[in-house]
Amino acid sequence: MTEKSESGEVAAAVATSGNGKKLLERAWDALMAAGLPEGTARQYVSWMRDYVLFHGKRHPQEMGVPEVQAFLASERFLGQAAQRVEATAAIRFLYEVVLQRRWPRGVLDGTAESTAHGSAGKPKPVYLNGRQPGVKLLDRVRNALRVGQYALETEKTYVNWIKQYVFFHGTRNPEEMGALEVEQFLTHLAVKRKVAKDTQRQALNALVFLYRTVLGREFGKVMPVRGRHGKRLPVVLTRKEVPGVLQRVEGACGMHKLMAELMYGSGVRVKECCRTRVKDVDLERLQLGVRGGKGDQDRVTVLPRRLVDRLREQIERVRRLHEDDLSLGFGRVWLPPALRRKYPNAERELGWQYLFPSSRLSVDPREREEKVRRRHHVHVDSLEKAIRAAVTRSGLTKRVTPHVFRHYAACRIMPTRH
């Protein structure tokens, strides 16, 4: 057929199947068997070839939703809705018919969005299933979590639980195990390791994600021994103890102390405080914007008047640091991928820089291939350590965490009911 000469460059780079045919040849035969017109079939094969070339001649079996999304989001489809629909149909045919891998409907083309959502209306992460030769299981888990836009902390936690599950069963392949092995692992956590029920539930959620989303199968109902979780007394500080702790917070040239006072005055969580950007601070209206808080919700909270001058100094400090980074060829802050595509220059603007930046540049673990060095926000652990050290210096024996300050702010901010 004439398509052989056109696709020879790619066909030579794609592994053969058991019958000796190249991938694009198999695709052509499948298109002909499906009864598509020759012109349409030729165009479909062309889109398949472009998809493979776009990703450096990688075999489609080794790729999934992230690679398909990257191809369909490329500049060639800007303002070309009809071509994007045709390319989506071609790649879908490639995976469903030729490679026989389940296509997550509604994720890429929006044809059945309701099937990709759970009962609560939240998006349900899906991933193209299949063994995917050459792609390690944990890499497939990470890719699926990123498709579902899970937080980096959740990604690390889920991967860690899956590792523990595999090693508990002597590095057996999870595809060879099921409900019995999951139940044994969860029972071990409760009986031997004495974990709380919330920790055990977290491990269960990680394994459900592994089997349902990555491996594309259900392992059924499990009935492990449940972990225990009794009631605990809350940590309460007196009015004298609170300023005694805040005054002794040290580190990061006074930045840790300012962050602790901001949490106490505004009631933001420790991660929300670390992720605050310059544009979120409104010194005139005494408001602090919280972006992507718990549950991926935005909100506005109060800003203590006594911190206005110090926050203004902190913004000026960030401005000077950002100018230095720009002069050295850096100055790009992390932004969500969709926002970065919509506003390509935003990552270099002062307003998007973190209000409490790190002391050094680093590479985002989710973007190791790009190797772009950015200045991230101060690490959460460093703030927690600074507060623990302040508690020790103040002579208290109570276990004080940054979240304790949020409780005091909630009592002041929430209106009193009569």
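Me: Which residue forms a salt bridge with Arg319, and how far apart are the closest N and O atoms?

Reply: Side chains of opposite charge can pair when their charged atoms come close. A salt bridge is counted when a side-chain nitrogen of Lys or Arg lies within 4 Å of a carboxyl oxygen of Asp or Glu. Here Arg319 pairs with Glu316, and the closest N and O atoms are 2.2 Å apart. This is a predicted model, in which local features need pLDDT of at least 70 and side-chain atom pairs count only at pLDDT 80 or more, while totals for chains, interfaces and linings use all residues. Residues are numbered from 1 along each chain as its sequence is written, and side-chain values use heavy atoms, with hydrogens and water left out.

Me: Where do Arg319 and Glu316 lie?

Reply: An α-helix has 3.6 residues a turn, so residues three or four places apart point the same way. Both Arg319 and Glu316 belong to helix α14 (residues 308-327), three residues apart, or about one turn of the helix. Helices are DSSP runs of H or I with at least four residues, strands are runs of E with at least two, and both are numbered from the N terminus. A network of salt bridges links Glu316, Arg319, Arg320 and Glu323.

Me: Is Arg319 buried, partly exposed or exposed?

Reply: Buried means under 20% relative accessible area, exposed means over 50%, and partly exposed is in between (1.4 Å probe, protein chains only). Arg319 is partly exposed at 28%, and Glu316 is partly exposed at 30%.

Me: Which parts of the chain does the salt bridge between Arg299 and Glu272 link?

Reply: The closest N and O atoms of Arg299 and Glu272 are 2.8 Å apart. The pair links distant parts of the chain, with Arg299 in strand β3 (residues 299-302) and Glu272 in helix α13 (residues 270-274), 27 residues apart. Arg299 is partly exposed at 28% relative accessibility, whereas Glu272 is buried at 10%.

Me: What does the salt bridge between Lys398 and Glu241 tie together?

Reply: Lys398 and Glu241 have their closest N and O atoms 3.0 Å apart. Lys398 lies in the loop between α16 (380-393) and α17 (402-413), and Glu241 in helix α11 (residues 241-246), so this pair ties together parts that are 157 residues apart in sequence. Lys398 is partly exposed, with a relative accessible area of 31%.

Me: How many salt bridges does a search of the whole structure find?

Reply: The search finds 19 salt bridges.
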